[in-house]
Amino acid sequence: MNDLRAERLQVMLSPEELAAVDDFRFKHRMPTRAAAVRELLKFGLAAADVDAAAGVKSSSFGVFGRGPEGHTQGDPEGGNEN
């Protein structure tokens with residue numbers, strides 16, 4: 001694998017998602033969040049063959065459960081109090 005990283009990928013995470021990444025990072029003694037995310041991506045790509053249908057929103061692919069509007073269940077800012 002080529003270690004030259006010429007592309008930057010920005011990802012917005014919920015506090016729960018970030019905590020999960022950090023937990024993985026510290027449990028596996030990863031040096032940085034970026035290294036942990038690359039390792040998680042490697043695991044995910046190896047484990048699943050995801051075929052997103054046309055019209056599927058990005059928010060449908062969150063780490064934790066989402067409500068019908070794409071917001072985390074019980075998120076007061078999302079307006080979904082279930």
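Residues are numbered from 1 along each chain as its sequence is written. Because the model is predicted, local features need pLDDT of at least 70 and side-chain atom pairs count only at pLDDT 80 or more, while totals for chains, interfaces and linings use all residues, and side-chain values use heavy atoms, with hydrogens and water left out.

**Exercise 1.** Determine the secondary structure content and the share of buried residues in the protein.

*Solution.* The protein has 2 helices and 0 strands, where helices (H or I, at least four residues) and strands (E, at least two) are DSSP runs numbered from the N terminus. Of its 82 residues, 17% are buried, buried meaning under 20% relative accessible area, exposed over 50% and partly exposed in between, with a 1.4 Å probe and protein chains only.

**Exercise 2.** Describe how α1 and α2 are arranged, and name the residues in their contact.

*Solution.* The axes of α1 (residues 15–27) and α2 (residues 33–47) come within 9 Å and cross at roughly 95°; axes are lines fitted to C-alpha atoms, for helices over the stretch in contact, with angles from 0 to 180 degrees between N-to-C directions. The helices are therefore roughly perpendicular, the label for 65 to 115 degrees. Leu-18, Val-21, Asp-22, Phe-24 and Arg-25 of α1 meet Arg-33, Ala-36, Val-37, Glu-39, Leu-40 and Phe-43 of α2, contact meaning heavy atoms within 4.5 Å.

**Exercise 3.** Characterise Arg-29 by its location, phi and exposure.

*Solution.* Arg-29 lies in the loop between α1 and α2, and has a positive phi of about 55° although it is not a glycine. Arg-29 is exposed, with a relative accessible area of 75%.

How values were computed: Angles under 35 degrees count as roughly parallel, over 145 as roughly antiparallel, 65 to 115 as roughly perpendicular and the rest as oblique.
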